[in-house]
Every structure is written in C-alpha cells, then in structure tokens.
Amino acid sequence: MNFDLLIIGGGPATITLVKKLGKKMNIGVIRPEDYSMIYCAMPYAVEGLLDKSKTFKNDNLITEEGAQLIRDYVDEVNFDKKELKTRTGKVLSYSKLVIASGAEPFIPQTKGIELEGVTVFKSQKDLEYVIKKSQEIKDAVVIGAGAIGIELAQALAKKSIKTHLVDLADSILANMVDREFSEIAKSELLKENINLILGQTVVEITGETKVEGIILKSGESLKADLVVFAIGMCPSISFLDNSKIKIARDGIEINEYMETSVKDVYAVGDCASYKSGITGKPIGGKLATNAVPMARVLADNLQGKRRPYPGFFNGAATKVGELYVGATGLKEETAKEQFQPIASTVEFTTAFPIMPSAKKVKLKLVADKNSRRILGGQIISGEPVTDKVDQITMAIQFGATIDNLLDFSYSSQPWQSYFPAHNLLVRAAELLLEKLENDNK
C-alpha cells in the first residue's frame, strides 16, 4: 500500500493531523493499540467516577476524516526506500512520513519488577489491569508523586485501599511548582488517607511470583499487592534503533518546522525532542497540549506554509484533594539557572469575598529582573485553575512584561471574580514592580 502521508501512532497529534489533512491527502495511520486513550482521565475510571469506556477515543476520529486505520506494530523503517515493515508482514510506502508514536512509562531496573502485580499506567491494558486489581487488593504502592501518580494514589485510597505514595524528590509535584505551593498541596494530599513517603527510592519489590511488598532505600519495608510506576515517560521509538535518523536523549531531534534529520520525515508529540519556548534549551514536554499545537504547525507546513513552532511552555494542572493546582513556564528555582528571577505571591478569592461561593485562590508570578519578562506562574485554588494557567501562558508566550500586565484589562462579576478593584495578575505585577523599585533604591 502506498500513502501520500503515513503516520505512525494514533494519539492527539495524529488525530489533529487527520482532522486537518484527511480530506486533502491519502493518509494511513498505524496504531497498535485497540484504542487511543484519554490518558489524564484514567485515574477517574479507577476511582469509579466514570466508566473505563469513557477514556477510549473513538476510531471515527480517524476513519471519518478519510484516513485508513491500520492496527499493527512498526518493526522497521527504510528511509531510503520510503517504506516500512509491520509486525504482520505488511510493507507500506509513503511520500511523507510522520512519526507520532508517543511515549511509554519508564520503569527502572529494580529487583522484582517482573512479579505479577507490578505495572505502569498508560494504556488500555494498564487501566483494565489496575481496575481489576483494585477490586481484589488491600495494599498498594504508587511510585512517583507527579500529577498522574497523585491522581492514581487518590483514586486507590478512595476505594479503601491502603495506599503508599513514594517519590525520590523531597516534595510532591516537584517538576510543576516551587516548595511553598508543594507544601500546600501536600497538606491537602495527606487528608486523603495516603501514606506519603518522600526522599526515598524503592530498591526491591518482594514476592515469589506475586508482589508482596517493597523495600525502600532506608530499609523500611511495606506490604503491597499492587505496585504502579508513574515516574516519567520515555519516547516510544525502539523501531528506529540503528536507523540513520538523529535521536536525542528524550526523543527524535526536530527543528521548528517539525522536520527530522531525514528528508520528508517529521516527528511530533511525545516521541520528539524539542526546546523550551522561554530558554531555547531542550526541555521535556510530553503533554497532549504540546502534541496538538505541534501537529497544527506540521499540518500547515505540509500544505506549503512555513510556520515555526515556538516551543514548550508546559502549562499543566491537577487536582489534589479539594484543591486545584496549576503551573506554567519556569519555576522560580528553575529560572535561576538562566535568569535573575523575582517572584510575587497574591491571595484573593474566586468570587467577591461577600459571596457564599468564595474560595481562596493563590498565585505566584515569576519574572526576570533584567528584561522584566514574565517567566512562569503557579496557582492553587478551591476552584478549577486552567483558565488562569492559560492566561499566564499567553503572557509568557507573547513576551509580556511586568509593565504589560499592569495594563491588563479584565472583567468582574460577583460569582466569578474578586472585587472589580483588583485582579490576581495585575496585583502580582504590581508587587513585582514594587520589588524592582525597592531593589533600585
């Protein structure tokens, strides 16, 4: 079979490409899984808030746009012949190839990882396994206190499973927020009946054929009928081993037009390595919200445009207990590597303080002393925060400065905002300006 455009992978980037190009090009999509998953919704299926089927993306997202869906694994790509071979023996040729094969959970080489009851949490198979085990077990260990690890640990705890959450870092959400915000989230997490173990690693998983427990570096042992690794992702590109395409530590090397080192071959999403839109240096960006805009850029470029991708800003959010946590750009601590950061923190309410629905909302804004450019922000609230995270991301992405935010024009309404006299971003900018002025005295 010959295709104008052949795409390896079936996730968000692929679906975006097919939506934009499916009626214009002969497209083939190779996806080994039965379903592309709504990954971030999986913990809520474990908890029972929604049926597992709600996390499966419909194949119609691909087929109704005119693309051909091929359920198979890619074993080898011959870039010179512009063809690839699948596990079932198919030979597919292409004019242009997009690698959007995603990423897979990383598992360290820990003694006992082969035992029954040890798993990761990414695919349909993983979800169904964890749901099944959660109906049978009494003790669970989740390794990794990032967003997915925290959400899964909470889901298991809500099913009356004694749940331990272990992380090497000495704070939760360490890649997302600075310590003061992490401590707020930690306090909320501890209310969820989770045994939080920070600054520790698992050195051994114990058991004969089934997992029975874990041993920490401290020597402490914990009972466990289920161990789930949620410590990070690595690009799913083993089929490119020994090929001529250039690969960095965290994925396929691409330029700002999504082009790889091989002509007519592109890469987008979690399998690709790219840079921060703030620092210009390589940075992890394995988020669906990065994959989709990368695919939009590529779709335009495949139609003859020359539109660059600005880089990762990594806006993200999670829910910890009754609080919503979000962040974007650089943490204050991370910004010190390349900038002279200053930060301000503001606490308002989500509605007029006189309203019965008013909940606390706290914002930290980070900027560079020299350029006055906004570098990052963190927010924690009793109500959803993604809209505010997105506002800060836009400020960062379009080069807004402290002075620009002073002129930010905002709306107000008793049920939906703080008093008209002030706004979180404006107040945070004012405090940053006061710090700058005091430093210059």
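Predicted model: local features only at pLDDT ≥ 70, side-chain atom pairs only at ≥ 80, totals over all residues.
At least two residues each come from strand E24 (341-349), strand E25 (360-368), strand E26 (374-381), helix H9 (386-397) and helix H11 (424-439). Helix H9 provides the largest share, with four residues.

## Threonine 401

Threonine 401 occupies the loop between H9 and helix H10 (402-406). With a relative accessibility of 17%, threonine 401 counts as buried, because the limit for that class is under 20%.

Once residues up to four places away in sequence are set aside, threonine 401 touches Ser371, Arg372, Arg373 and Ile374. The C-alpha atom of threonine 401 is separated by 8.8 Å from that of alanine 429, although the two residues are 28 residues apart along the chain.

## Nonpolar cores

The largest nonpolar core contains 52 residues, of which Val77, Leu97 and Ile99 touch the most other members. Helix H7 (residues 288-302) supplies the largest share of this core, namely seven residues. A second, separate core has 38 residues, including Leu127, Ala153, Ala185 and Leu196.

Beyond its neighbours within four places in sequence, valine 77 is in contact with Ile8, Glu83, Leu84, Tyr94, Leu97, Phe239 and Leu240. Leu97, one of these partners, is also named among the core residues that touch the most other members.

## Helix H5

Helix H5 (residues 147-157) is mostly covered, with 10 of its 11 residues buried. The buried residues are Ile148, Gly149, Ile150, Glu151, Leu152, Ala153, Gln154, Ala155, Leu156 and Ala157. Ala153, listed among the buried residues of H5, also belongs to the second core.

## Threonine 55

Threonine 55 is placed in the loop between helix H2 (42-47) and helix H3 (60-63). Its relative accessible area is 0%, so threonine 55 is classed as buried. The side chain of threonine 55 reaches the backbone oxygen of lysine 52 at 2.7 Å.

Leaving aside neighbours within four places in sequence, the contacts of threonine 55 are Ser36, Met37, Ile38, Ala41, Met42, Ala45, Leu50 and Leu127.

## Residues with positive phi

Most residues other than glycine have a negative phi. Asparagine 242 is not a glycine, yet it has a positive phi of about 70 degrees. Aspartate 264 is likewise not a glycine and has a positive phi of about 65 degrees.

Asparagine 242 is found in the loop between strand E16 (233-235) and strand E17 (247-248), whereas aspartate 264 is in the loop between strand E18 (251-253) and strand E19 (265-267). Asparagine 242 counts as exposed because its relative accessibility is 85%. Aspartate 264, by contrast, has a relative accessible area of 14% and is therefore buried.

Conventions: Residues numbered from 1 in each chain as written. Heavy atoms only, no water. Buried < 20%, exposed > 50% of the residue type's maximum accessible area, 1.4 Å probe, protein only. Polar contact = N/O pair within 3.5 Å; in protein donor to acceptor, adjacent residues only side chain to side chain. Contact = heavy atoms within 4.5 Å. Core = buried A, V, L, I, M, F, W, Y, C linked by side-chain atoms within 4.5 Å.
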